[in-house]
Each structure stands twice: as structure tokens, then as C-alpha cells.
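Please read each point with the structure open beside it.

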Amino acid sequence: MTAYDLFLAPFADFGFMRRALVACLCLGLGSGPIGVFLMLRRMSLMGDAMSHAVLPGAAIGYLVAGSLSLTAMGLGGLIAGLSVALLSGAVSRMTVLQEDASFASFYLASLALGVLIVSLRGSNIDLLHVLFGTILAIDASALYLIGAITSLTLVILAFIYRPLVAECFDPGFLRAVGGRGPVYHVFFLLLVVLNLVASFQALGTLMAVGLMMLPAAIAQLWSRSLAVMMAIAAASAAASGYLGLIASYHLELASGPTIIMTAAILYGFSILFAPSGLARRFFPRPHLKG
């Protein structure tokens, strides 16, 4: 088998592989930087909760469309995710519950409701598609939706970058200068939900957060500069998508889980060999002697 057959032929020969690759590249560009901010804000597990919160809307979109329409399911997931985010924030501000507890409560209810809706009106195959994604079944309309979400994410992130960074590292300063921290927090939650909806199209609700948090963790092990971390996260997410698709094609594995496992392998490699990894800690370089 030549290098062309191994690395390029699947995308040259099959349109569904090309669409899946473009989707992975778009997801990497949008979800990677968002994952870095989630990690810096200590909201990593909240991102996982939000990925499950989109399930009821996706299930209703599936029922309305009458098939696995990724566009209808994505729109329903967006509405459900935003509703859970806003309701959780409102409950945390009006009661004694912290925001993470509020998110956990709403996401558990949303996950149960979504699985119940799909199981009542669909088959087990439909439920598996919703939970684990159908990246090889992405059509042109779903690809346009993913591309639009990625573009919107990068534009909004460019506008709110500086206040978002200030809120991550010094929220007290942002409040002191009248920086409207809650407004930027809402915009950030919007970006999280949008990118989870885009990831849901490809990876399903159970693994939608995978290309968001694993690349962010990889980036933190390799760099301490925020801009470099965002670039590394986007690049590692895109590389995980490409290598995962190649592995799933040649080994005849499920594409979505293979992509996430590829990202996990890169994460394991980073734990060992990154500047902040174990190898540098247990085998430090000797100091130069004058």
C-alpha cells in the first residue's frame, strides 16, 4: 500500500469522506478555541453537560422532519441548548444553587427526555445515530450549517476576545471598570452551544464535547500562551479528525469514536512528552555548567 493509498485515496475516491474531513476541519477551527476558554474558566464538565442538553431539541427536530435530517436536528438542538443555558443561569441567580449544580440538574433531565422521545418514536438504530453521530452521512446542507457556525464563532470570538480573557483571569477588574461581564458570559455560552450543535451533527450528543476539550487539554500541556494554546487546540482537533477518518476507513471502525480516540491518543502522548508532561518532570534536562 502506497502513501497515496493510505492517506489520500479515501478522500479522493469518496465524496462522503471529503465532506466528513471538511466537517472535522471546521469543527477544529471553532471548537478548539472555545474549549481552551472553557478550560481556563474551569467549565470543562459544564461543556459536557451542555452537550447532553441539546438532545431533546435534536429528538424533536428528528420527529418533525420525519428522518435523520441533520439541519432540523441541529436547529432543535440549538434551541434546547440555549434554553437550558439560560434557565440554568436564571435558577443559579434566583436560588441558592450554584451554576454547576443547576446545569447538572437540567442536563440530566434533558438527557432523559431526549432518549425517551427517540426511543418512543424511533428505532434503536435512530437512537444510536443521535447518541453517537453520523459523520459519514453529513450532507451539503449540514456542512453549510457547520461552516456557518464556525465562521460566526470566529467572528464573535474576535469581537469579545479581550473582555473574555479579562473575565477569565480577573473578573473583579472587569466589574470595576464596568466591563459588563455577564453580557460576555452569555455570548460565550451562546458560542459553546453553537459549537456543540455543530459537533452534534458529526459526533452525536455523547461525544460532541470531545473535539472541544481533548484538544484544549493537549494545548495546555504544550504551551502557556493563550494565542498559541488556541492555535494548538484547533490544529490538534483538525489532525484528530483527519487521522481518525483515515484509521476508521482502513480498519473499518466507527468514525466518530475513532476520531475521539485519536484525540485521546494525542492527549496521552502529550501527557508523556509535552513540556509540562511526565517525561520532563521525571527526567529533567541537566543544567548547563559554566
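1. Touching partners of Gly 35. Leaving out residues up to four places away in sequence, Gly 35 touches Met 212, Met 213 and Ala 216. Contact here means heavy atoms within 4.5 Å. The C-alpha atoms of Gly 35 and Val 209 are separated by 8.5 Å, although the two residues are 174 residues apart along the chain. Gly 35 is buried, with a relative accessible area of 0%. Buried means under 20% relative accessible area, exposed means over 50%, and partly exposed lies in between (1.4 Å probe, protein chains only).

2. Basis of the model. This is a predicted model, in which local features need pLDDT of at least 70 and side-chain atom pairs count only at pLDDT 80 or more, while totals for chains, interfaces and linings use all residues. Residues are numbered from 1 along each chain as its sequence is written, and side-chain values use heavy atoms, with hydrogens and water left out.

3. Overall make-up. The protein has 15 helices and zero strands. Helices (H or I, at least four residues) and strands (E, at least two) are DSSP runs, numbered from the N terminus. Of the 290 residues, 49% count as buried. Among contacts with a separation of 6 or more, 74% come from residues 24 or more positions apart.

4. Record annotation. An unreviewed UniProt entry places the feature "transmembrane region" at residues 20–40, 60–89, 101–120, 141–164, 184–214, 226–247 and 259–279. UniProt positions are given in the numbering used here, feature names are shortened, and annotations may be inferred rather than shown by experiment. Two of these stretches can be set against the model. Residues 101–120 are 100% helix and 0% strand, with end C-alpha atoms 29 Å apart. Residues 141–164 are also 100% helix and 0% strand, and their end C-alpha atoms are 32 Å apart.

5. Helix H3. Gly 35 sits in H3, residues 15–40. H3 has 26 residues and reaches 38 Å from its first C-alpha to its last, close to the 38 Å expected at 1.5 Å a residue. The expected span is 1.5 Å times one less than the number of residues. H3 is mostly covered, with 19 of its 26 residues buried. Where does H3 kink? The kink, of about 30 degrees, lies at Ser 31, shortly before the proline Pro 33. The bend at a residue is the angle between axes fitted to the seven residues ending there and the seven starting there.

6. Arg 41 is in the loop between H3 and helix H4 (44–53). Is Arg 41 buried or exposed? Arg 41 counts as buried because its relative accessible area is 15%. Beyond its neighbours within four places in sequence, Arg 41 contacts Leu 164, Glu 167, Cys 168, His 185 and Phe 188. Arg 42 follows H3 and has a positive phi, near 55 degrees.

7. The nonpolar core. The largest nonpolar core has 69 residues. Such a core is a set of buried Ala, Val, Leu, Ile, Met, Phe, Trp, Tyr and Cys residues joined through side-chain atoms within 4.5 Å. The residues with the most contacts inside it are Val 36, Phe 37, Ile 138, Phe 188 and Leu 245. Setting aside neighbours within four places in sequence, Phe 188 is in contact with Ile 34, Phe 37, Leu 38, Arg 41, Met 43 and Leu 164.

8. From H13 to H14. The end C-alpha atoms of H13 are 36 Å apart, which agrees with the 38 Å that its 26 residues should span at 1.5 Å a residue. Glu 252 lies in the loop between H13 (226–251) and H14. Its phi is near 60 degrees, a positive value in a residue other than glycine. Glu 252 is exposed, with a relative accessible area of 72%.

9. Ser 255 and H14. Ser 255 is found in H14, residues 255–273. Ser 255 counts as buried because its relative accessible area is 8%. A polar contact of 3.3 Å joins the side chains of Ser 255 and Ser 248. A polar contact is a pair of N or O atoms within 3.5 Å; within protein, one must be able to donate a hydrogen and the other to accept it, and residues adjacent in sequence count only if both atoms are side-chain atoms. The buried residues of H14 include Gly 256, Thr 258 and Ser 270.
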